[in-house]
Amino acid sequence: MEKHLSKRTAGLAPSLIREISEQAYSIDGIIPLWFGEGCWPTSEIAINAVSKALKSGDHFYQPNSGKIGLREQISQYYSKVYNLEIPVSNLTVTASGMNGLAIVAQALVSSGDQVVSIEPSWPNIAETFRICGANVSVISLEVENKKWALDLERLLSAITHETKAVLINSPNNPTGWTMSAEDQLRLLNHCRQTNTWIVADDVYSRLYYQGEYAPNFLKIAEESDLLISVNSFSKAWSMTGWRLGWITAPKEMEAVLAMLTEFNIAGPAGFIQAAGSEMLKSGEGEVAILRNRLSDAYALTAKRLTNIPRLKFIEPEGAFYCLFRVEGIKDSLSLAKDLCQKAKVGLAPGIAFGPEGEGCLRLCYAQPSEVLNTAFDRLEAYFSSN
Ligand SMILES: Cc1ncc(COP(=O)(O)O)c(C=O)c1O
């Protein structure tokens with residue numbers, strides 16, 4: 001079959017998180033903490049908006065850039081929360097963050113283009129650029145003072161005039177590492193010199209606890225900068241299954257992004273967009289509830305993980321994950337499988353996020369304290385005897 005398929009499919013690697021989850025879903029009583037989503041359902045605000053939109057006949061094709069009402073709400077959201085003026089002309093609605101990343105990769109990259117990324121990282125970001133033909137080189141985060149850290153000089157020296165784009169996911173999945181405002185400014189200045197795009201994956205921007213949002217390139221960029229921010233309703237608004245997101249890009253690019261949206265999926269459903277609009281208009285309280293839940297869940301996770309034998313807790317600054325090291329292991333995939341069978345806790349193997357993640361496991365702590373405590377009791381028992 002391989003010879004009948006495109007070259008771009010040849011190097012596609014299956015997700016190791018899926019490998020774990022598909023094998024272990026049916027294990028009776030398993031606590032699944034492997035995916036990047038919370039257990040809390042989407043707010044009634046979105047559900048009522050969908051039902052209203054469907055009943056009022058919102059069943060038809062949508063504009064390529066997205067509903068004007070939703071783009072206006074996104075613009076107002078930036079103004080209310082980030083104190084930023086982002087006109088509608090810079091905004092394109094997408095069917096999720098993943099779809100936004102894919103469209104951006106299609107818009108920017110030709111075969112052989114050089115792209116720089118950071119690892120450990122959610123693999124799909126670099127993968128979608130590779131599918132479009134990019135050669136992706138990787139700079140690794142390191143652990144310093146029990147935190148994930150980036151050697152900015154190493155990143156800057158990897159970005160030359162030949163570099164088409166640098167991919168920054170901050171707060172980062174899986175580490176929770178968050179790029180400081182100072183480093184963002186230095187990177188932006190460097191990319192101005194080399195004419196390199198910054199593609200900021202901002203889907204965890206609101207899941208940051210030292211402020212209402214994490215440091216963001218949009219706050220320091222000028223109109224002429226080669227900056228694209230990809231965002232999503234999945235995480236901060238608990239809407240993973242709805243598949244809705246947006247891209248913020250220079251206005252000269254919007255027509256291209258809109259066309260690519262058409263040639264990919266011709267836009268998310270109108271009633272889903274109506275729900276997104278309503279969430280931005282009146283769902284800020286829901287974001288606050290989630291942020292409070294996550295901040296409690298994080299405190300519990302930090303306390304419990306620090307006290308489990310063999311685990312080296314590494315403090316995240318944002319998102320809703322911990323990527324922690326396990327002393328003495330070299331095969332995180334086998335360990336994750338064994339944990340499913342023997343401890344009935346489902347975690348993502350660190351190797352799923354690149355070689356830098358080997359020796360680690362990722363836990364998504366977006367769960368109530370009872371669930372987390374049971375999971376930590378089981379992990380404690382497992383690591384005390386294995
Ligand atoms: C860093 C990052 N970017 C983008 C996404 C995509 O989110 P979605 O496609 O659900 O909007 C995810 C999902 O886990 C993620 O972790």
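**Reading helix packing, domains and backbone geometry**

Q: At what angle do the axes of helix 10 (residues 284–306) and helix 12 (residues 369–385) cross?

A: The axes of helix 10 (residues 284–306) and helix 12 (residues 369–385) come within 10 Å and cross at roughly 15°. In general, two packed helices are described by the angle between their axes and the distance between the axes. Axes are lines fitted to C-alpha atoms, for helices over the stretch in contact, and angles run from 0 to 180 degrees between N-to-C directions. Helices (H or I, at least four residues) and strands (E, at least two) are DSSP runs, numbered from the N terminus. The model is predicted: local features need pLDDT of at least 70, side-chain atom pairs count only at pLDDT 80 or more, and totals for chains, interfaces and linings use all residues. Residues are numbered from 1 along each chain as its sequence is written.

Q: Why are helix 10 and helix 12 described as roughly parallel?

A: Angles under 35 degrees count as roughly parallel, over 145 as roughly antiparallel, 65 to 115 as roughly perpendicular and the rest as oblique. Helix 10 and helix 12 are therefore roughly parallel to each other.

Q: Which residues make the contact?

A: Two residues are in contact if their C-beta atoms, placed from the backbone, lie within 7 Å. Helix 10 contributes Asp-296, Ala-297, Leu-300, Thr-301 and Arg-304, and helix 12 contributes Ser-369, Leu-372 and Phe-376.

Q: How is the protein chain divided into domains?

A: Domain bounds come from an automatic or database domain assignment. Here the assignment gives domain 1 (2–42 + 285–385) and domain 2 (44–283). Their C-alpha centres lie 24 Å apart, and 32 residues of domain 1 are in contact with 38 residues of domain 2. On the side of domain 1 that touches domain 2, helix 10 and strand 12 (321–326) are the elements giving two or more residues. Helix 10 supplies the largest share of that side, 6 residues.

Q: Where are the cis peptide bonds of Pro-120 and Pro-171 found?

A: Most residues other than glycine have a negative phi, and most peptide bonds are trans. In this model, a cis peptide bond joins Glu-119 and Pro-120, with omega about 0°. Pro-120 lies in the loop between strand 3 (114–119) and helix 5 (123–131). The bond from Ser-170 to Pro-171 is also cis, with omega near -10°, and Pro-171 is in the loop between strand 7 (163–169) and helix 7 (181–194).

Q: What is the phi of Asn-83?

A: Asn-83 is not a glycine, yet has a positive phi of about 55°. Asn-83 is placed in the loop between helix 3 (68–82) and strand 2 (91–94).
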